[in-house]
Number of protein chains: 2
Amino acid sequence: MPDARQFDLVHDRGLTRIWIGADALDRSRAELSDWVRGRRAFVISSAPVRELHGEWLERELSAASAVTALDVADGEAGKTLDTMGRLAREMVAAGGKRDSRLLTLGGGSVGDVGGFAAACFLRGIEYAHVPTTLLAQVDASIGGKTGVNLPEAKNSVGAFHQPRFVIADARTLSTLPRELIRQGLFEVVKAAILADSALFDLLEVRLRELLEPESESLGSVVEAAAAIKIAVVSADEREADRRRLLNLGHTLGHALETCAGHGALAHGDAVGHGMLFAVELALPRGLRDRDAQRIRALVGRLAPARLPSFDPDSLIRAMSRDKKARETGLSWVLPLRVGAAEVVDDLDPALIGELLASFLTGFVESR
Amino acid sequence: MPDARQFDLVHDRGLTRIWIGADALDRSRAELSDWVRGRRAFVISSAPVRELHGEWLERELSAASAVTALDVADGEAGKTLDTMGRLAREMVAAGGKRDSRLLTLGGGSVGDVGGFAAACFLRGIEYAHVPTTLLAQVDASIGGKTGVNLPEAKNSVGAFHQPRFVIADARTLSTLPRELIRQGLFEVVKAAILADSALFDLLEVRLRELLEPESESLGSVVEAAAAIKIAVVSADEREADRRRLLNLGHTLGHALETCAGHGALAHGDAVGHGMLFAVELALPRGLRDRDAQRIRALVGRLAPARLPSFDPDSLIRAMSRDKKARETGLSWVLPLRVGAAEVVDDLDPALIGELLASFLTGFVESR
């Protein structure tokens with residue numbers, strides 16, 4: 001595997017330095033030490049991840065005046081306002097200050113709730129993400145979105161708060177269960193559809209190998225997908241326009257997750273179905289059959305989980321409650337071809353309802 | 001009373017337009033209507049304030065597609081993470097979107113928790129403050145600080161989120177109980193000590209009249225104090241340096257509030273004692289006796305509430321937990337003379353402990 005690559009994401013409060021690859025932690029060592037030197041460091045993680053990687057990270061924090069480990073429940077269960085409040089109370093009790101440091105160690109959920117704690121604690125302290133899942137390395141850790149779920153809607157309370165560092169070390173992926181690799185690959189496919197037809201080609205050729213443990217190709221695929229996210233976020237930090245492209249598959253995906261009950265349908269699977277539905281919406285607008293087939297085939301090889309039976313109207317209600325929605329209506333990201341997509345705000349709601357009903361029937365009954 | 005004055009506070013996300021004075025709401029009418037036009041508006045208030053001013057404000061929002069009233073408990077009791085979460089859930093249920101609008105109507109606490117809900121709901125929506133207390137008009141509504149209390153420490157979870165508008169209409173002050181005028185005047189005195197010796201002179205002459213109902217002078221005093229806050233915040237939005245001056249009286253003040261139990265000691269009274277203690281710390285550093293006497297006399301005429309018996313060590317622990325503290329130690333704002341102050345980071349902790357013990361003895365026993 002090649003050396004880690006370093007990216008600088010410039011945003012309106014400064015710069016996020018991102019290392020991705022085989023020796024990311026080694027490459028980050030000097031800057032990480034300087035950053036925590038003489039300060040309290042809080043490492044937010046979940047018990048299983050801390051078991052695997054906690055010692056290794058804490059060794060890198062020996063310059064800190066104190067290191068406090070705080071655990072949250074793994075997955076969506078940990079992404080609550082109560083959890084954020086508990087973290088903040090524990091940080092007050094441990095003597096946390098405005099110049100304390102926080103690190104999140106884990107997957108996207110740990111990063112989201114830990115980053116939100118960093119955003120709100122004393123109105124914001126500096127933090128770093130150390131993502132340990134494929135999904136977090138290519139997507140969740142980049143871009144400064146933090147937050148928690150409300151029972152009614154996913155990620156509906158949160159903040160934009162850019163990390164100072166992202167350290168996406170490929171070695172953490174070697175301990176990942178195959179299922180989490182599969183989930184993360186949906187976001188890699190998404191990035192390829194949006195912006196990188198060469199990556200799409202590579203995925204078509206290497207998908208089987210990528211799903212094997214300790215795949216040699218995983219590192220370069222992670223770097224390529226992360227680079228797309230970094231480029232889009234750099235251009236448009238607050239999602240006014242270009243950043244909305246990253247929501248490909250997420251308009252329906254989030255609603256599927258919400259209606260299934262948080263945690264019942266994995267994020268990757270939900271986005272997979274969302275991308276398949278985006279293809280259905282894009283076809284009448286000119287997406288070529290050949291490209292539609294390639295997207296369907298690649299997403300299909302990742303075998304998105306069978307959907308439970310959904311009421312289309314509930315899904316549409318959930319979509320219109322989603323934070324991405326505006327009062328002017330739903331936004332959709334639709335592929336133009338493999339490697340390019342567009343944001344569409346004016347789709348006919350009746351057409352969406354009709355296509356959604358037949359889409360759901362297809363997935364529930366025939367697969 | 002003169003017409004409302006308009007200020008533009010430029011910050012790193014744009015501009016906050018602030019109207020202060022007798023006809024602030026009239027002056028803001030056109031822009032306020034444009035801002036809510038066709039959108040959902042949420043008005044966060046407390047039952048007693050809504051009773052007085054709710055109808056009046058809602059009439060101004062007739063251009064909105066819908067207006068949803070949400071109440072929080074008055075005072076510090078409403079400033080909790082649970083309250084913020086409930087507001088967010090009610091906003092989801094009412095169909096709140098990223099382009100919905102939020103207004104806070106009330107005192108500093110309503111503004112703080114309502115502003116924090118605006119900061120976090122869907123990762124941030126636009127909002128406006130309509131402050132109805134003297135304290136909120138001269139201080140809390142200006143500068144974008146939002147947040148809630150944890151049981152362990154005041155304002156320890158929150159966000160910087162600048163309002164789009166602040167509409168500080170002097171007519172709302174005419175219904176204020178005398179006690180809330182008195183509380184707010186502590187912050188006016190603070191502003192005068194920091195930056196405006198002419199305002200200090202005026203306060204010395206007019207203090208008695210200012211404490212009467214419907215004082216003619218209140219409007220100009222509010223404008224002068226708010227102008228100081230606006231100038232300081234404009235120069236330094238995130239409190240790296242100059243904005244810390246606004247903490248005069250707050251280092252000890254917040255600790256007094258925390259140790260007394262949230263809500264047991266009013267904020268103004270606590271800041272009053274904090275300013276008196278700042279005078280004690282400033283004397284050995286060269287504050288002239290004449291200026292010390294003037295500050296003591298003016299604060300004394302506002303009659304800060306008697307303090308319950310405090311353990312100095314508990315206060316020092318509470319101060320070091322305060323969000324203003326850094327890992328390098330406590331910061332103090334000390335008057336240099338009437339009209340100027342400095343931030344001091346290197347005071348000897350032993351000296352502080354000693355002066356604090358004798359300061360507390362004086363207040364508990366002899367007054």
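# A walk through a two-chain predicted model

Leu122(A) sits in the loop that joins helix H4 (108-120) to strand S6 (126-131) of chain A. Helices here are DSSP runs of H or I with at least four residues, strands are runs of E with at least two, and both are numbered from the N terminus. Before going on, a word on conventions: residues are numbered from 1 along each chain as its sequence is written, while chains are lettered from A and ligands numbered from 1 in the order in which they are written. The model is predicted, and local features need pLDDT of at least 70, side-chain atom pairs count only at pLDDT 80 or more, and totals for chains, interfaces and linings use all residues.

The phi angle of Leu122(A) is near 55 degrees, a positive value in a residue other than glycine. Is Leu122(A) buried or exposed? Leu122(A) counts as buried, because 24 C-beta neighbours lie inside 10 Å. The scale behind that word, with C-beta atoms placed from the backbone, calls a residue buried if 20 or more other C-beta atoms lie within 10 Å of its own, exposed if 12 or fewer, and partly exposed in between. In chain B, Leu122(B) is found in the loop between H4 and strand S6 (126-131), and its phi is also near 55 degrees, positive although the residue is not glycine. Leu122(B) has 24 C-beta neighbours inside 10 Å and so counts as buried.

How do the two chains relate to each other? A rotation of 180 degrees, with 0.0 Å of shift along its axis, superposes chain B on chain A with an RMSD of 0.0 Å. That is the relation of a two-fold axis. The superposition is by least squares on the C-alpha atoms of residues with pLDDT of at least 70 in both copies.

Where the chains touch, 34 residues come from chain B and 34 residues from chain A. On the side of chain B that touches chain A, helix H3 (81-93), helix H4 (108-120), strand S7 (145-150) and strand S8 (153-160) each supply at least two residues. By class, that side of chain B has 14 nonpolar, six polar and 14 charged residues. For these classes, Ala, Val, Leu, Ile, Met, Phe, Trp, Tyr, Cys and Pro count as nonpolar, Asp, Glu, Lys and Arg as charged, and the others, Gly among them, as polar. Contact means that the C-beta atoms of two residues, placed from the backbone, lie within 7 Å. Because 100% of the interface residues of chain B are also interface residues in chain A, the copies meet through the same surface.

Leaving aside neighbours within four places in sequence, Ala117(B) is in contact with Ile44(B), Met84(B), Leu87(B), Ala88(B) and Leu102(B).

Within chain A, the domain assignment gives domain 1 (5-175) and domain 2 (178-365), with bounds from an automatic or database domain assignment. The centres of domain 1 and domain 2 of chain A, taken over C-alpha atoms, are separated by 26 Å. Their contact takes 32 residues from domain 1 of chain A and 32 residues from domain 2 of chain A. Strand S1 (5-11), strand S2 (14-21), helix H5 (134-140) and strand S8 (153-160) of chain A are the elements that give two or more residues to the domain 1 side. The residues of that side divide into 16 nonpolar, ten polar and six charged.

Helix H6 (residues 178-195) of chain A has 18 residues and reaches 26 Å from its first C-alpha to its last, close to the 26 Å expected at 1.5 Å a residue. The expected span is 1.5 Å times one less than the number of residues. H6(A) is mostly covered, with 15 of its 18 residues buried.

His273(A), in helix H10 (residues 267-282) of chain A, is buried, with 23 other C-beta atoms within 10 Å. His273(A) and His250(A) are 23 residues apart in sequence, and their C-alpha atoms are 9.1 Å apart in space. By contrast, Ala47(A), in helix H2 (residues 47-60) of chain A, is exposed, with 11 other C-beta atoms within 10 Å.
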